[in-house]
Amino acid sequence: MSIVNLFLLISVSQGFIFGFAILFSPFYKSKVNNYLGYAILILASLMLNVYLDAIEVFIKYPKFKILYDIEWIFLFPVFFFIYILKSINHDLEKSKKLYWLYLPFLCSVILNVIFNLEYTYQWFSFSWEHKELVYERIFGFQELGYYSFNFIIAIWSYRILIGKEYPNNKWLKRLCIWVFSLVTSWIIIDVADMIFDIGYEIGVSMICIGASIFIFWVVYYGIYTLKLTNDQKDIISEFKNGTLQVNSSESLDKKKHKGQAIQDNSFSENNIYFQKLESLLKNDFIYRDPNLNREIIANLLNISSGYLSQIVNDITKKNFTAYINSYRVKEVKDMILNSEFDKYSLLAIGLEAGFKSKTTFYTSFKKETGLTPSQYKFKNKKVPNS
């Protein structure tokens with residue numbers, strides 16, 4: 001086996017393993033991720049066809065050549081594009097017009113099935129003048145079509161992401177750039193081969209190296225982050241729908257100071273600004289915003305950030321960051337002990353509570369509780385009787 005063929009086989013195996021992992025692994029599986037899984041499987045199937053062609057399978061078994069001739073590459077941009085739309089909840093994802101994107105693939109299937117039934121299977125034979133020329137022109141148009149179709153979808157996807165802030169916007173833009181680069185490289189390599197005759201093996205190697213790196217990058221650097229964000233989106237959605245409830249005793253303490261005299265300039269819990277701050281945290285859950293800072297809250301309270309720090313430091317005996325994080329830790333604790341949140345990872349819960357990073361989450365949680373989130377869950381989670 002040549003080095004090129006070995007590399008092709010490794011690339012194919014990697015693509016199928018990762019593609020099926022996205023579709024069936026509990027960690028990756030979601031309605032959004034499925035389309036990315038389909039796209040990777042299509043990519044793996046294309047490389048498999050190249051490998052089978054390289055080891056002359058289609059010469060030994062010509063009746064299987066129909067699988068090689070059908071241009072599966074028309075499906076890759078469709079699944080990729082739907083994945084982008086579903087990731088950002090774009091209105092277009094619900095449009096029936098999306099079905100038109102499958103038309104190029106359908107045309108390719110019809111064309112190649114008819115061609116193979118006539119020439120390979122010899123089930124029938126059409127006879128008309130210039131038939132060979134017509135087939136040549138049609139297949140040339142098909143080749144131009146899959147180049148341009150992939151190219152246009154990649155640009156269209158990127159343009160949709162420009163100008164608006166979506167969840168995972170940075171990741172999705174990078175994904176578009178990757179796909180655009182792959183398609184561009186593929187076109188350049190094919191053109192270079194036609195003009196300079198660089199050699200089939202060199203061209204195939206370069207394309208497969210790019211595809212393998214792309215698949216590796218998608219799985220190890222994209223899907224994990226996406227899983228966390230999907231968990232967060234599910235938690236937010238279920239919060240809004242009222243299907244998940246966090247029973248925080250601290251957040252239910254709404255009437256504690258009702259009827260008490262409020263002193264504007266006192267650094268006690270009766271301070272009017274401190275009470276407003278407590279209300280924003282307990283009732284409006286502003287701590288869930290990972291970008292929350294002193295200036296934002298000071299503007300909400302219409303006081304200076306310095307005065308806000310003085311109030312928090314004197315009353316809570318904590319600095320501003322530690323005080324805000326204490327609310328986040330309380331919510332994480334409540335969610336950990338709520339069985340409705342068992343399907344979400346601890347990190348996803350922490351990010352939803354407002355922590356900006358894994359490090360801040362784990363550090364703050366341990367500082368507040370003396371335990372890591374996993375230790376806290378193990379120690380306090382009630383195990384149902386069997």
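**Notes on charged pairs and cores**

1. The count of salt bridges comes to 6, and it should be kept in mind throughout that the model is a predicted one.

2. Glutamate 118 and lysine 131 form a salt bridge in which the closest N and O atoms are 2.6 Å apart. Because glutamate 118 belongs to helix α6 (residues 103–119) and lysine 131 to helix α7, the pair ties together parts that are 13 residues apart in sequence. Glutamate 118 has a relative accessible area of 6% and is therefore buried, and lysine 131, at 12% relative accessibility, counts as buried too.

3. A salt bridge also joins arginine 288 to glutamate 331, with 2.9 Å between the closest N and O atoms. Arginine 288 sits in the loop between α10 (272–282) and α11 (294–301), while glutamate 331 is in helix α13 (residues 320–336), so this pair ties together parts that are 43 residues apart in sequence. With 22% relative accessibility arginine 288 counts as partly exposed, whereas glutamate 331, at 4%, counts as buried.

4. The side chains of lysine 318 and glutamate 368 meet in a salt bridge at 3.3 Å, N to O. This pair links distant parts of the chain, 50 residues apart, since lysine 318 is in the loop between α12 (305–316) and α13 and glutamate 368 is in helix α15 (residues 358–369). Lysine 318 is partly exposed, with a relative accessible area of 30%, and glutamate 368 is likewise partly exposed, with 36%.

5. Turning to the packing, the largest nonpolar core has 55 residues, and those with the most contacts inside it are Phe76, Tyr83, Ile84, Trp171, Leu175, Phe214 and Val218. At least two residues of this core come from each of α1 (3–24), α2 (31–54), α5 (75–87), α7 (131–161), α8 (169–196) and α9 (200–241), and α5 supplies the largest share, 10 residues.

6. Leaving aside neighbours within four places in sequence, phenylalanine 214 is in contact with Leu43, Phe76, Leu175, Trp178, Val179 and Leu182.

7. The side chain of serine 87 reaches the backbone oxygen of tyrosine 83 at 2.8 Å.

Technical notes
Residues are numbered from 1 along each chain as its sequence is written. This is a predicted model: local features need pLDDT of at least 70, side-chain atom pairs count only at pLDDT 80 or more; totals for chains, interfaces and linings use all residues. Side-chain values use heavy atoms; hydrogens and water are left out. A nonpolar core is a set of buried Ala, Val, Leu, Ile, Met, Phe, Trp, Tyr and Cys residues joined through side-chain atoms within 4.5 Å. Buried means under 20% relative accessible area, exposed over 50%, partly exposed in between (1.4 Å probe, protein chains only). Helices (H or I, at least four residues) and strands (E, at least two) are DSSP runs, numbered from the N terminus. Contact means heavy atoms within 4.5 Å. A polar contact is a pair of N or O atoms within 3.5 Å; within protein, one must be able to donate a hydrogen and the other to accept it, and residues adjacent in sequence count only if both atoms are side-chain atoms. A salt bridge is a side-chain nitrogen of Lys or Arg within 4 Å of a carboxyl oxygen of Asp or Glu.
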